[in-house]
Amino acid sequence: MLANDVLALSTLLTDTQAAAQGLTSVPASSAASSSADAGAITSPAQIGALVPAVPAAPAKPKAKAKAIWADDDSALTQPYVEDPSDLRKRPEYEVRYKQRVGVYDMYSGMDFEKDPSSMRCEEMVIVIQMPQTRSAADVVCDVKETVLDVRSEQYKLILPLPRKVYTNKGAAKWDDRAKSLSVTLVVNYEDYVTKIL
């Protein structure tokens, strides 16, 4: 009779603890079936073992009807990962910021939304040093909203951009003397909202 009272109490406690922790409980009768055959519970471990509840798998968003692949399949949506099979060098580069400043900004400070930080710059200029590249015809440049992809026979640069840019605005200029490519990108501030206090 004492064993039945202990089993009833353990079932009650196990169900209460499991509900508080989001776990499901294994019935005490199956957990203690071997000890019930022996006639007594020999350790606290035999009082209703807890098993973690299996969470439901999140539903995948539906793919567009005419899409060739999903957005997750594109390598450019994934973080930059070095491809070990590609032996091209990663060139040195420098990111510069440009801001349009007028007379009112310089002398009277009339534009209260501008400050000298890089957060208010309208353009990013990325200067890529490619000393082994002969001409601009050997360079392929692709601009995505958050990634700049520049490749040549000797170099490969996939650069995640610090801010979103317009893909259809901007320019690229090859400097034959310095053997460098300057890519000017116009920053997209559509989702960037600031409040002046």
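Arg96 counts as partly exposed at 41% relative accessibility; here buried means under 20% relative accessible area, exposed means over 50%, and partly exposed lies in between, with a 1.4 Å probe and protein chains only. Good morning, colleagues; I begin with this residue and its partner. Arg96 forms a salt bridge with Glu94, and their closest N and O atoms are 3.2 Å apart. By a salt bridge I mean a side-chain nitrogen of Lys or Arg within 4 Å of a carboxyl oxygen of Asp or Glu. Glu94 is likewise partly exposed, with a relative accessible area of 40%.

Before going further, a word on the basis of this talk. The model is predicted, so local features need pLDDT of at least 70 and side-chain atom pairs count only at pLDDT 80 or more, while totals for chains, interfaces and linings use all residues. Residues are numbered from 1 along each chain as its sequence is written, and side-chain values use heavy atoms, with hydrogens and water left out.

Let me now turn to the overall layout. The chain contains 4 helices and 9 strands. These are DSSP runs numbered from the N terminus, helices being H or I of at least four residues and strands being E of at least two. Along the sequence, the pattern reads α-β-α-α-β-β-α-β-β-β-β-β-β. Of the 197 residues of the chain, 22% count as buried. Among contacts between residues at least 6 apart in sequence, 57% join residues at least 24 apart, where contact means heavy atoms within 4.5 Å. The chain exposes about 14500 Å², and carbon and sulfur atoms supply 58% of that area; accessible areas come from the Shrake-Rupley method with a 1.4 Å probe, and for residues only the protein chains shown count as cover.

I return to the charged side chains. Side chains of opposite charge can pair when their charged atoms come close. How many salt bridges does the structure hold? The number is 7. One of them joins the side chains of Asp86 and Lys156, at 3.3 Å from N to O. That pair links distant parts of the chain, 70 residues apart: Asp86 is in the loop between strand 2 (50-52) and strand 3 (92-98), and Lys156 is in strand 7 (residues 156-160). Are these two partners buried or exposed? Asp86 is buried, because its relative accessible area is 18%. Lys156 also counts as buried, at 13% relative accessibility.

A further salt bridge brings together the side chains of Asp138 and Arg134, with an N to O distance of 3.8 Å. Asp138 counts as partly exposed at 28% relative accessibility, whereas Arg134 is exposed, with a relative accessible area of 59%. Elsewhere, salt bridges that share partners join Asp86, Arg88 and Lys156 into one network.

Next, I consider Glu123. This residue is placed in strand 4 (residues 123-129) and is buried, with a relative accessible area of 16%. Which residues does Glu123 touch, not counting those up to four places away in sequence? They are Arg96, Tyr97, Lys98, Arg100, Thr184, Leu185, Val186 and Val187. The C-alpha atoms of Glu123 and Tyr97 are separated by 5.9 Å, although the two residues are 26 residues apart along the chain.

Arg100, one of the residues that Glu123 touches, is placed in the loop between strand 3 and helix 4 (103-108). Arg100 counts as exposed, since its relative accessibility is 52%. Its C-alpha atom is separated by 9.5 Å from that of Arg120, which lies 20 residues apart along the chain.

Three local features remain. First, the charged end of Lys169 sits over the ring of Tyr166, 4.3 Å from its centre; the criterion is NZ of Lys or CZ of Arg within 6 Å of the ring centre and within 35 degrees of the ring normal.

Second, Leu9, Leu12 and Leu13 make a nonpolar surface patch of about 300 Å². Patches are made of residues with over 30% relative accessible area and no salt bridge, like charges being joined within 9 Å and nonpolar side chains (Val, Leu, Ile, Met, Phe, Trp, Tyr) within 5 Å. Leu12 lies in helix 1 (residues 2-21) and is exposed, with a relative accessible area of 56%.

Third, Lys179 has a positive phi of about 55°, although this residue is not a glycine. Lys179 is found in the loop between strand 8 (171-175) and strand 9 (180-186), and counts as partly exposed at 25% relative accessibility. Thank you.
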